[in-house]
Amino acid sequence: MTIPPQIGRGMDRVDARAKVTGAARYSAEHGPPGTLRAVLVGARIPRGRITAIDTSAARAAEGVAAVLSHLDLPRVAEAPHLIPSLAGTTAHGQSFFPMQDDRVHYAGQPVALVVADTLERAEYAAGLVDVSYEEEPWVATLAQGRGDAYEPERIFGGFAPGRIERGDVEAGLARADVRIENTHHFAANHHNPIEPSATTAVWEGSGLTLYDSTQGPTATRLTVAQLLGIPPSDVRVISGFVGGSFGSKAMVWAHPTLAAMAARHMRAPVTLALNRAQTFTNTGHREEQEQTITLGATRDGRLTAIRYSKTSPTSPFDDWAEPSMGAVNRMYACPAFEGAHHLFEAATMTPTFMRAPGEATGAFVIETAMDELAHELGMDPIELRLRNHADLDPESGRPWSSKGLRECYTLGAELFGWADRDPAPVTGAARDGHWVLGTGMAGAIYPVVGVFNPQRARARVYADGRAVIETGCSDFGTGAGTVLRQVAADALGLEAEAVTAHYGDTDLPTTVAAVGSAGAGAISAAAHTAATALRERLVAQAVADPGSPLHGADPAAVRVSGGRMVRPDTGAGETYGEMLGRHMTFDAEALGEWAPPEQGEYGTATFGAQFAEVAVDPDLGLVRVRRMLGVFAPGRVLNYRTARSQLMGGMLWGLGQALLEATYMEPNRGRWLNAGLDGYLVPVNADAPDVRVEMIEVEDRAVNPLGVKGVGEIGQVGMAAAIANAVFHATGRRFRDLPITVEAVMAPA
């Protein structure tokens, strides 16, 4: 039996039935009988110190087992370090751990922990904890802190430089025929996954089991072990089902360790689940930002120089900013670039990764500027982009490992009907009753994020013809468990339905946290390596076995399909099960390890082109997106169905970024004003337009064995810019701040 390739199939997700029927158990739903519930108490001031904590009323409340604060909790064994080591050991969300002293650094910072026999009783008692404070001066917004900004040496957890320079920007701007200079403001954003972060901690002797909602079980294991001062081998992290993340669960925040501390203090299992409002102050966010860009270009549209700067608030203890200038620097060929980040300390927790970190905002800046430049030159926006197409990576000068961007432009323009567009804003826009229609486009780029440590997986084949692939990664909605089956099946010559995937457990072989679109490439490489090693071992055993029809065959010539090993010269063969049975062996297994390659020879990134049509009601200030198209070149596609879902989700998030999503800081109180889904707007079904996703596969031999570059981030990157450019086409007005609000559209030009 010959079976088709399993990689690339549009296979249904293996976890779908459990999720839609309610059979899936999430982190807060684990725990043996007698598990206690813990609730955090957050600081009510933005900065200062705690002068007193009165817990008497809370302790007296029915069902309350303990009220813990810095007066009760032990000190952590080692101070957190935000920058992970190159060995990929720990992943602290910030270099600050709460409830260690009386200092308050931001509103919502955990200052007490109430433990009770039920969640409702713990929540009630948390409201009875009376904390007194001495408030100190603070700043929280760009308007308050801009004057104190400094230039950091490193940002983004130490992974990105604070400044990038190449070429002579002053000379490039001096010889430019046209200049575009704009300043953009971006509201802060929060992740809001459907499942707020949660941890259930269970001690058995010196061993700790954490059921944690995390993107990286191994990262949680190593981080909590470091903070508690115990061997990592004493910590097991299980993360079977994770209800979304988008970056909020990429780093390890305080709650898993606090849950473990509370469970050890109580000598009983404890579940600590954040409520929706607490996710706004305990798991990071995309920071408020101001970005300024200057483009210089010749009259024929060739870029001569780009100058860029960004200012944003960070915490008092970490130099964090998402690296927005990466997209600005690498998207187009330009001989000169100068970019710098500027930070000021604010009464906030450390920001963190949020979907397409850096590129989502940086692409908006460069892609709206390019649209404005095209309008100024009277040139088609796609033609301008093609004239500045970067054949080499502008940052390094190296060739791209793969690209496909020209093909994305071409296919996208054809599918969208771009040639039929009248480019003139307002007068060229179509009308539908009182709605004014506009169209826009943008390019997209996202780096192929490298991983540091080896990725491991274990493959096992049973004599009954079934197989298992095991690795420690979690699946937080990306379909990792599904593609694990497909990759292992393809390497073993089986149908994916014959393979079971085990994942989300640190007792399984170690893989990296799935962040920055690196997860698919890393885990598929590990699974492919393990399954290929097992297939080669079984083939080698067969050709060395005098009792096998394959005896004496060239192992490299043997083909496997449907679990049957066949020598092509004679057609003779046998199944895995037949060979194992002859040797009275129930199964065979192999451990595979993939060491990430050095990528210094190439520039690596994923590219795409995105298009949008909007309808604007100028009188009511309404903007409705009617259709969106995205064409992407993500390397090899492991599963077209789940990849399309990921890309569509990113595109819809781009809609939210453009028109809806904003968290507002109360400037006089230093706390988030709309910390909840009642005030933080996200796209719903009524907002969703017609969305089309297309993928162009490009071969990439540099990034990993299967050439997978990832799809989790790129879908969002160019969408907000495409929408804003479409709004300009409809109205003739540039909206430089995100989100584009009803009030902004209604305001006089």
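This is a predicted model: local features need pLDDT of at least 70, side-chain atom pairs count only at pLDDT 80 or more; totals for chains, interfaces and linings use all residues.
Gly 378 follows helix 10. The phi of Gly 378 is positive, near 65 degrees.

Two packed helices are described by the angle between their axes and the distance between the axes. Helix 13 (residues 480–492) packs against helix 14 (residues 519–543) at an angle of about 30 degrees. Their axes are 8 Å apart. Angles under 35 degrees count as roughly parallel, and helix 13 and helix 14 are therefore roughly parallel to each other. Their crossing is right-handed. Helix 13 contributes Ala 480, Leu 484, Val 487, Ala 488, Ala 491 and Leu 492 to the contact. These residues meet Ile 523, Ser 524, Ala 527, His 528, Ala 531, Thr 532, Leu 534 and Arg 535 of helix 14. By class, the contact has ten nonpolar, three polar and one charged residues.

Ser 69 lies in strand 3 (residues 64–69). Its relative accessibility is 3%. Buried means under 20%, so Ser 69 counts as buried. Beyond its neighbours within four places in sequence, Ser 69 is in contact with Ile 53, Met 99, Val 111 and Ala 112.

Terms used: Residues are numbered from 1 along each chain as its sequence is written. Side-chain values use heavy atoms; hydrogens and water are left out. Helices (H or I, at least four residues) and strands (E, at least two) are DSSP runs, numbered from the N terminus. Buried means under 20% relative accessible area, exposed over 50%, partly exposed in between (1.4 Å probe, protein chains only). Contact means heavy atoms within 4.5 Å. Axes are lines fitted to C-alpha atoms, for helices over the stretch in contact, and angles run from 0 to 180 degrees between N-to-C directions. Angles under 35 degrees count as roughly parallel, over 145 as roughly antiparallel, 65 to 115 as roughly perpendicular and the rest as oblique. A crossing is left-handed if the near helix is turned anticlockwise from the far one by less than a right angle, and right-handed if clockwise. Ala, Val, Leu, Ile, Met, Phe, Trp, Tyr, Cys and Pro count as nonpolar, Asp, Glu, Lys and Arg as charged, and the others, Gly among them, as polar.
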